[in-house]
Amino acid sequence: MSEPTVDDIDALVGPATPHFAFQIRARVREAIADLPEDSPVRVYGDRQMELLERLGFASTKAENSEPESRDRIGWETIPSAATAANPLPRRIDE
């Protein structure tokens, strides 16, 4: 593979869903593995991997929508309400 670009990273991350976040994160990690630590593409890829990590524990990337109130009755039973920006906390018993 030729040296990855920000556009390459965006092509991987753009359509990401919670179901495939960890697989896509692995592909981004592989794509940037040989880049120097100070490479702008590597820095960008690292930030996108952080987003994918959060997305893996969420149900949507909907960063620009108004979140549902956590005071809503039954909130704790609706994992689909968690966004990548604010995923539900991991359960200790899992």
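The crossing of helices H1 and H2 is right-handed, a term used when the near helix is turned clockwise from the far one by less than a right angle. Helices here are DSSP runs of H or I with at least four residues, numbered from the N terminus. The model is predicted: local features need pLDDT of at least 70 and side-chain atom pairs count only at pLDDT 80 or more, while totals for chains, interfaces and linings use all residues. Residues are numbered from 1 along each chain as its sequence is written, and side-chain values use heavy atoms, with hydrogens and water left out.

**The H1–H2 pair**
- The axes (lines fitted to C-alpha atoms over the stretch in contact) of H1, residues 6–13, and H2, residues 21–32, come within 10 Å and cross at roughly 165 degrees.
- H1 and H2 are therefore roughly antiparallel, the term for angles over 145 degrees on a scale from 0 to 180 degrees between N-to-C directions.
- Ile9, Leu12 and Val13 of H1 make the contact with Ile24, Arg27, Val28 and Ile32 of H2, contact meaning heavy atoms within 4.5 Å.

**Ala26**
- Ala26 is found in helix H2.
- Its relative accessible area is 36%, so Ala26 is partly exposed, between the buried limit of 20% and the exposed limit of 50% (1.4 Å probe, protein chains only).
- The C-alpha atoms of Ala26 and Leu52 are separated by 9.6 Å, the two residues being 26 residues apart along the chain.

Definitions and conventions: Helices (H or I, at least four residues) and strands (E, at least two) are DSSP runs, numbered from the N terminus. Angles under 35 degrees count as roughly parallel, over 145 as roughly antiparallel, 65 to 115 as roughly perpendicular and the rest as oblique.
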